[in-house]
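The sequence and the structure are shown below.

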Amino acid sequence: MQQYKKEFIDFMIESGVLTFGDFVTKSGRKTPFFINTGNYKTGKQLSRLGDFYAKAIKDNFDEDFNVVFGPAYKGIPLGVTTAIALDRNYGIDVEYCSNRKEVKDHGDKGILLGSKLKDGDKVLIVEDVTTAGTSIYETMPILKSQADVDVKGLIISVNRMERGRGEKSALVEIREKFGFKTCAIVTMEEVIEYLYNREINGKVYIDDDMKNKIDAYYEQYGAK
């Protein structure tokens, strides 16, 4: 596993973003782990988060895109910090764009924040976590309604590696439906491999008991 992936897992733990216990996801699944990117709260955390996204983008995509799009609401700071990190770390200067949940009819009118999309724009979508892919199915019509854009891919922070709407993972379903590349900074398989029986700041987050709960979860919801 690449070093930056290990550092990202440590970063999620330290930031209180990746937690273990008993939770219910947005899609109604009872899960022993939860990823809440809303817990990235400080400037330092957001700056580091952008660095991780930028590194993963550099690893997984070529530079054939000119807009980073972050779906509202959690995707807005993700898009901003990723665009900043791409320029700061790699000299890749791209525009950022996000959508509003409500159309604004005064001042800076419309549904978009940041760059106004134009025909021919090459867009990379930046998201937090995709369980069933719901936000992407909502985002694609918004993008296409604004301009004839070419979506080059989707990058998320963690691939939960569970079934989306069918038997395949949400990332695979999205890739097959829309025809663009999908990837994550880390997968839950990598998270489990790295954290299993590993002590971080005096605490083991995935011991044998938690590992059994996670295994049982994937027995039920894991992607085929």
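Methionine 12 touches Val17, Leu18, Tyr40, Val158, Val186 and Val191, where residues up to four places away in sequence are not counted and contact means heavy atoms within 4.5 Å. The model is predicted: local features need pLDDT of at least 70, side-chain atom pairs count only at pLDDT 80 or more, and totals for chains, interfaces and linings use all residues. Residues are numbered from 1 along each chain as its sequence is written, and side-chain values use heavy atoms, with hydrogens and water left out.

**Nonpolar cores**

Met12 is among the residues with the most contacts inside the largest nonpolar core, together with Phe8, Phe20 and Leu195; this core has 47 residues. Another core, of 21 residues, lies apart from it and includes Phe69, Leu112, Val123 and Leu154. A nonpolar core is here a set of buried Ala, Val, Leu, Ile, Met, Phe, Trp, Tyr and Cys residues joined through side-chain atoms within 4.5 Å. Buried means under 20% relative accessible area, exposed means over 50%, and partly exposed lies in between (1.4 Å probe, protein chains only). In soluble globular proteins, nonpolar side chains tend to be buried together.

**The chain as a whole**

The chain holds 7 helices and 11 strands; helices (H or I, at least four residues) and strands (E, at least two) are DSSP runs, numbered from the N terminus. Its radius of gyration is 18 Å, close to the 17 Å that the globule rule gives for 224 residues, so the chain is as compact as a globular protein of that length. The radius is taken over C-alpha atoms, and the rule is 2.2 Å times the number of residues to the power 0.38. Along the principal axes, the C-alpha trace spans about 55 × 35 × 35 Å.

Of the 224 residues, 50% count as buried. Among contacts with a separation of 6 or more, 71% come from residues 24 or more positions apart. The accessible surface is about 10,700 Å², and carbon and sulfur atoms account for 46% of this; the areas come from the Shrake-Rupley method with a 1.4 Å probe, and for residues only the protein chains shown count as cover.

**Around helix α4**

Threonine 139 lies in helix α4 (residues 134-146). This threonine is buried, with a relative accessible area of 4%, and is in contact with Phe69, Pro71 and Ile125, leaving aside neighbours within four places in sequence. Phe69 is one of the residues of the 21-residue core.

Glycine 133 is found in the loop between β7 (129-130) and α4. With a relative accessible area of 3%, glycine 133 is buried; Ala170 and Ile174 are in contact with this glycine when neighbours within four places in sequence are left aside. Glycine 133 and phenylalanine 8 are 125 residues apart in sequence, and their C-alpha atoms are 22 Å apart in space.

Valine 151 lies in strand β8 (residues 150-159) and is buried at 10% relative accessibility. Apart from neighbours within four places in sequence, valine 151 is in contact with Val123, Ile125, Met140, Leu143 and Phe180.

Phenylalanine 178, in helix α5, is partly exposed, with a relative accessible area of 26%. Beyond residues up to four places away in sequence, phenylalanine 178 touches Ile136, Tyr137 and Met140. Its C-alpha atom is 9.4 Å from that of glycine 153, 25 residues apart in sequence.

**Backbone features in loops**

Most residues other than glycine have a negative phi, and most peptide bonds are trans.

| Residue | Phi | Relative accessibility |
|---|---|---|
| Methionine 161 | near 60 degrees | 27%, partly exposed |
| Asparagine 197 | about 55 degrees | 46%, partly exposed |

Methionine 161 lies in the loop between β8 and α5 (170-178), whereas asparagine 197 is found in the loop between α6 (188-195) and β10 (199-200). The peptide bond from alanine 72 to tyrosine 73 is cis, with omega near 0 degrees. Tyrosine 73 is located in the loop between β3 (67-70) and α3 (75-90).
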